[in-house]
Amino acid sequence: IEPNPYSGGYCYGLSTASMRNWILDFYNTYKSRTSRDVVIYTTASWWNSCTGSWTGMYTRSPLWVAHWGVHTPTRPAGWAQYSTWTFWQYTSSGTVSGISGNVDRNKFNGDRSRLIAMYWRMSQLADRFLSDRDSAVEYYTKLIEIAPTGHKAYQSALALQRLGAPVPETEFFKMDAADAG
């Protein structure tokens, strides 16, 4: 959850109480449909400002914190006092071979086996949540069309590859047949 880039204000026009309720409602709806927790992506400044430094999610959700240009990220309320980050987006101006332009770069707070286990649980859950392969392909393709840059596009492209489906080309994410293997 990050600043609103559209109209409606920094906190989407919501009071801190309304934002807390919206976050909790989203969490409860998602959890009831998938039996999984959500990962909270945010910055400390946005979270503390828009939720009033709410500590109500740190026991429920892993934290993906965005904080660029520092050696250690500042964590939002709750996670700062009682927990740590799971992912840290440490730059928005990184580079990745095969992708032109700047990309977000992230660190995982754990070992490789934990990351792989987390990825496969999440991708199997998404596949199970969708009723069939065609629905999954449609879902991931739509995600890339809606948000053609960043980690959502990359994750969706990986899911499409896993399903043996073509990955749509965007300016951000181009693949050739050799990369798709």
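Which residue in strand 2 does Ile 40 stand opposite? In the predicted model described here, the residue opposite Ile 40 is Leu 63. Because the model is predicted, local features require pLDDT of at least 70 and side-chain atom pairs count only at pLDDT 80 or more, whereas totals for chains, interfaces and linings use all residues. Residues are numbered from 1 along each chain as its sequence is written, and side-chain values use heavy atoms, with hydrogens and water left out.

Four strands form an open sheet of mixed pairing, in the order 1-2-3-4. Strands (E, at least two residues) and helices (H or I, at least four) are DSSP runs numbered from the N terminus, and two strands pair if DSSP finds at least two bridges between them. Strand 1 (40-42) and strand 4 (99-108) each have a single partner strand and stand at the edges, so one side of each lacks a neighbour in the sheet. On average, neighbouring strands of this sheet are turned by 30 degrees against each other, direction ignored, with axes taken as lines fitted to C-alpha atoms. Strand 1 runs parallel to strand 2 (residues 63-66), and three bridges join the two.

The structure holds one disulfide, a term applied to a pair of cysteine sulfur atoms within 2.5 Å. This link is formed by Cys 11 and Cys 50, with their sulfur atoms 1.9 Å apart. It connects distant parts of the chain, 39 residues apart: Cys 11 lies in the segment before helix 1 (16-34), and Cys 50 lies in helix 2 (residues 44-50). The link is left-handed, with -75 degrees about the S-S bond. Cys 11 has a relative accessible area of 15% and is therefore buried (under 20% relative accessible area, with a 1.4 Å probe and protein chains only). Cys 50 is likewise buried, at 1%.

A nonpolar core is a set of buried Ala, Val, Leu, Ile, Met, Phe, Trp, Tyr and Cys residues joined through side-chain atoms within 4.5 Å. The largest such core has 16 residues, and Ile 23, Ile 40, Trp 47, Met 57 and Trp 79 have the most contacts inside it. Helix 1, helix 2 and strand 2 each supply at least two of its residues. A second, separate core of nine residues includes Ala 157, Ala 159, Ala 165 and Val 167.

Ala 165 lies in the loop between helix 6 (150-162) and helix 7 (177-180) and is buried, at 10% relative accessibility. Not counting residues up to four places away in sequence, Ala 165 touches Arg 133, Val 137 and Leu 160, contact meaning heavy atoms within 4.5 Å.

Technical notes: Axes fitted to C-alpha atoms, helices over the stretch in contact; angles between N-to-C directions. Buried < 20%, exposed > 50% of the residue type's maximum accessible area, 1.4 Å probe, protein only.
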